[in-house]
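Please look it over first.

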Amino acid sequence: MVNKLMDIERYGREGRVEEEYKPPTVEAFKEKEHLRSWMGDVHARDQFALYRGDKVGVFWNNKSNPPENVVDRAHWTQLFVQWSPKGTFLASVHPQGVQLWGGASFSKQRQFPHPFVQLVEFSPNENYLTTWSARPIQVEEGSQSSLSYEEDGKNIIVWDITTGKPLRSFVSYDLTAGASAEGEPKKKVQWPAFKWSSDEKYVARMLQGQSISIYELPRMNLLGKTSVKIDGVMDFEWSPATVAREGVKQYEQLLCFWTPEIGSSPARVGLMSVPSKEIVRTRNLFNVSDVKLHWQSQGTYVCVKVDRHSKSKKSMATNLEIFRVKEKGVPVEVVDSLKDTVINFSWEPNGGRFVVITTGEAAQGAAVAPKTSVAFFAPEKKGPSAGNFKLVRVVDKKNSNAIYWSPKGRFVVVATVHSQSSYDIDFWDMDFEGEKAEGEKDLAANLQLMKTVEHYGVTDVDWDPTGRYVVTSASSWTHSMENGWTLHTFAGQTLAEHPTDKFKQFLWRPRPATLLSKEEQKQVRKNLREYSKEFDEEDRYAVDIANTAVVETRKRVLSEWTAWLRQQKELLSEDKEVYGLPEDVDEPKMAKDAPPATEDKGEAVVEEIVEEIVEEHEEIIG
Amino acid sequence: MRPILLSGHERSLNQIKFNRDGDLLFSVAKDKIVCAWWSANGERLGTYAGHQGAIWTVDVSPNTVLLATGSADNTVRLWNVKTGECVKVWDFPTAVKRVEFSPDGTKLLAVTEKRMGFLGTIAVLDINYGDGQGNFEPQAEEPSLRITCTESKATVAGWGYMGKYIIAGHEDGSVSQYDAKTGDQLENVQAHEFDLQINDIQFSPDRTYFITASKDKTAKLLSTRNLAILKTYPSDTPLNSATITPKKDYVILGGGQAAMDVTTTSARQGKFEARFYHKVFEDEIGRVRGHFGPLNTVAVHPAGTAYASGGEDGYVRVHHFDKSYFDFMYEVEREQMRR
């Protein structure tokens with residue numbers, strides 16, 4: 001526990017210390033709820049949070065059956081909800097700050113009183129939290145909150161989740177940079193403003209065009225007391241995993257950054273090792289319009305997507321420069337077979353394959369967006385290490401714009417989201433267990449389209465953390481048409497549709513990393529058939545039970561209804577007797593000119609005779 | 001199930017009604033004209049002209065001798081069904097949103113709008129069926145009963161069994177039970193979501209229960225005797241109308257995005273459908289497409305052999321049920337039949 005110097009002023013100022021010593025009251029020990037209780041579900045189901053209308057609820061996924069409610073609270077959040085990266089906490093966002101909830105009953109866990117907070121970001125291991133508000137914090141004297149004068153005028157606070165105290169606060173760059181010129185679109189907030197290294201040892205922030213500041217945790221001191229000056233730096237990304245480069249013994253975290261062309265010097269992509277701040281690999285690029293950095297989840301590769309313009313700046317093309325980080329000297333492979341610009345790129349998690357979506361240039365003044373192509377890439381099979389990346393297949397004339405890999409790899413969903421006219425969702429298998437095309441023999445992939453479904457107005461696609469289910473949803477934050485969510489299997493079979501009024505957010509609860517060792521996981525995979533037999537049996541049994549239950553309820557409901565009808569009939573004739581009314585009191589009163597009461601004629605048959613003139617002749621005889 | 005399309009109206013439909021025999025169908029729309037149709041083939045029998053404003057409501061007397069209509073021109077008119085003559089005009093201070101004959105045909109209720117300082121009322125008029133020679137004089141000038149809705153105006157109303165109760169649905173989503181003799185309010189139940197109005201009430205053949213259709217996207221089955229909610233039928237769109245089918249245990253709901261919200265709605269099919277639910281099990285069992293606007297009114301043939309729907313699109317569609325409609329049965333129902 002660290003006490004800040006200011007605390008002396010805060011607690012020790014005159015008048016704030018009582019004359020007589022009073023022993024502090026020690027509160028009785030209260031057992032806390034287990035923060036990972038949901039992992040103990042017998043059926044290994046997953047939870048999800050659902051935000052619709054003013055209500056936020058947490059539910060168990062029950063496949064095609066209605067989800068089972070855990071908690072459902074009105075006005076649980078003001079802006080949105082967010083799970084922590086390992087699923088321990090659910091964060092709700094209020095004008096008073098961020099509240100974390102957890103445990104089996106979702107009780108209050110921590111509070112972070114950042115007034116008018118708008119954005120929240122967890123560190124990868126859930127130890128720290130970054131909050132941002134456009135309004136600078138105003139600290140009032142003598143307030144009881146955990147904010148001190150240090151936080152006055154700041155926009156960003158980095159919190160320690162364990163203590164609930166702020167570690168350090170910052171003014172956001174975007175706001176101090178001054179108002180942008182008239183007519184220019186308002187600059188978007190750079191978020192996350194602070195990017196975490198995978199082990200949370202470092203957190204870094206970039207001042208665009210100038211430098212990257214790296215802070216060390218847990219003290220939040222600037223690494224080496226200075227920021228790293230990088231002229232023109234546009235963006236950077238930490239490796240999402242701690243990488244061991246070949247021939248490098250000491251501990252390091254890697255980050256990748258890029259700078260544009262300045263004057264006559266070329267654009268540059270660099271790989272920096274932290275804490276040494278040494279640049280271990282660079283690559284020069286020309287005719288660069290934009291660059292996006294994509295790390296593979298294990299840090300094995302980093303793909304630099306380079307949008308290049310021709311000399312005349314009239315046509316655009318994209319190169320993919322793939323750094324093989326773990327190989328000696330970090331060789332770079334260039335994929336330049338793409339003629340169009342790449343609008344989306346995604347690595348297979350824990351794998352070496354990727355999917356890109358390309359599009360031609362939009363025709364001037366065209367009302368419809370140009371068609372897109374989806375291209376699948378896989379490395380060649382070549383000895384122990386992965387070979388060169390080769391195109392597996394291109395699917396043309398699509399409208400797709402988004403790629404969602406299963407968190408376990410192999411399966412990938414390619415969808416058209418946020419579109420007014422197209423909403424198809426394709427479920428692909430990269431390792432189809434069937435005949436392989438002759439031309440793809442040498443590739444580590446066998447591509448197969450499993451299913452295409454449509455979900456009108458789809459805005460989001462979310463894989464559950466186990467890669468078993470996919471939820472597609474249409475949020476009222478984007479449009480108000482047919483909001484709701486639909487549950488599919490990984491193979492695209494639709495299990496349940498849930499049209500939901502004012503639906504806003506669907507969030508699967510993330511799971512912490514598995515505790516099984518590599519060997520144990522292998523064992524499980526080997527015996528999968530045995531296990532699945534057991535589970536299939538269980539499923540069948542559950543279906544049987546459910547069916548019987550449905551039949552039983554229906555029987556009960558029907559007999560209740562017939563009993564109710566009978567009772568009403570009796571009451572009705574009783575009433576008629578009491579009022580001295582004839583049994584046929586509700587029959588039509590016979591008016592004098594009405595036809596006499598007739599016996600039940602049965603069904604009347606209406607006969608229609610339709611005459612049609614087929615042809616008309618006029619002949620003059622004579 | 002091939003529908004018969006009745007295209008006699010120029011504007012959106014407001015209400016349609018079968019007569020008790022089911023051979024005739026009456027329809028009213030915003031275009032000031034009442035149409036009468038043969039339900040079997042959709043041929044138009046005739047029209048009743050005279051109203052000066054949109055016609056909100058229509059009902060035919062149980063013996064199919066008189067027809068009553070209520071209109072935005074602040075009148076209730078009584079017509080000779082056979083000749084098309086207007087027999088009587090009652091003037092009200094505001095528009096008339098709903099008329100209904102009592103089960104025995106001796107009374108007519110009229111729901112009047114709340115406007116310009118006038119509170120919403122339910123007026124009861126005594127009906128005289130005349131001398132049988134086509135002479136319906138004289139009709140009572142003044143209502144025999146007037147119920148004033150001080151809390152929330154009534155939007156729809158109907159008669160309970162034996163004409164004992166008047167049941168009204170309100171703008172605030174509640175349902176009231178009134179004594180039809182004294183006009184006293186006996187019960188009031190917040191059956192639907194607060195402040196989402198009830199758009200239709202239709203009764204079962206013996207009038208011991210009824211169905212309500214509300215803007216809150218649900219229809220509910222209530223007991224006439226004590227307003228207990230028996231069943232709930234949830235849907236995904238505001239409901240304008242609901243009816244209970246005789247012969248088979250179904251209910252038919254009609255709705256769709258309100259006309260004023262249509263510009264913000266996709267024209268996609270899916271909302272402008274008649275929805276069939278099982279009355280007892282509350283499951284949706286089918287939908288019938290066809291209209292290209294919201295369904296404003298649905299009605300079922302008294303023998304349960306056909307139904308008709310009237311839409312914002314200006315069309316009435318009459319459907320005669322197929323054999324499969326009558327054959328469909330839940331396993332438990334079949335079991336009960338066998339027993």
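How many residues of domain 1 of chain A are in contact with residues of domain 2 of chain A? There are 19 residues of domain 1 in contact with 16 residues of domain 2 of chain A; two residues are in contact if their C-beta atoms, placed from the backbone, lie within 7 Å. Domain 1 of chain A covers 33–76 + 455–513, and domain 2 covers 337–362 + 369–453. These bounds come from an automatic or database domain assignment. The C-alpha centres of the two domains are 26 Å apart.

On the side of domain 1 of chain A that touches domain 2, the elements giving two or more residues are β33 (460–463) and β34 (469–474) of chain A. Of the elements there, β33(A) gives the most, with 3 residues. This side of domain 1 divides into 8 nonpolar, 10 polar and 1 charged residues. Ala, Val, Leu, Ile, Met, Phe, Trp, Tyr, Cys and Pro count as nonpolar, Asp, Glu, Lys and Arg as charged, and the others, Gly among them, as polar.

## Basis of the model

This is a predicted model, in which local features need pLDDT of at least 70 and side-chain atom pairs count only at pLDDT 80 or more, while totals for chains, interfaces and linings use all residues. Residues are numbered from 1 along each chain as its sequence is written, and chains are lettered from A and ligands numbered from 1 in the order in which they are written.

## Overall form of the chains

Chain A has 4 helices and 37 strands. Helices (H or I, at least four residues) and strands (E, at least two) are DSSP runs, numbered from the N terminus. The radius of gyration of chain A is 33 Å, well over the 25 Å that the globule rule gives for 622 residues, so chain A is more spread out than a compact globule. The radius is taken over C-alpha atoms, and the globule rule is 2.2 Å times the number of residues to the power 0.38. Along its principal axes, the C-alpha trace of chain A spans about 105 × 100 × 65 Å.

Chain B contains 2 helices and 28 strands. Its radius of gyration is 19 Å, close to the 20 Å from the globule rule for 339 residues, so chain B is as compact as a globular protein of that length. The C-alpha trace of chain B spans about 55 × 50 × 45 Å along its principal axes.

## A helix contact between the chains

Helix α4 (residues 528–578) of chain A and helix α2 (residues 331–338) of chain B have axes that come within 9 Å and cross at roughly 50°. That makes α4(A) oblique to α2(B). The contact is made by A:V551, A:R554, A:K555 and A:L558 of α4(A), and by B:V332, B:E333 and B:Q336 of α2(B). These residues divide into 3 nonpolar, 1 polar and 3 charged.

Axes are lines fitted to C-alpha atoms, for helices over the stretch in contact, and angles run from 0 to 180 degrees between N-to-C directions. Angles under 35 degrees count as roughly parallel, over 145 as roughly antiparallel, 65 to 115 as roughly perpendicular and the rest as oblique.

## Backbone details in chain A

The peptide bond from A:L217 to A:P218 is cis, with omega near 5°. A:P218 sits in the loop between β14 (211–216) and β15 (221–222) of chain A.
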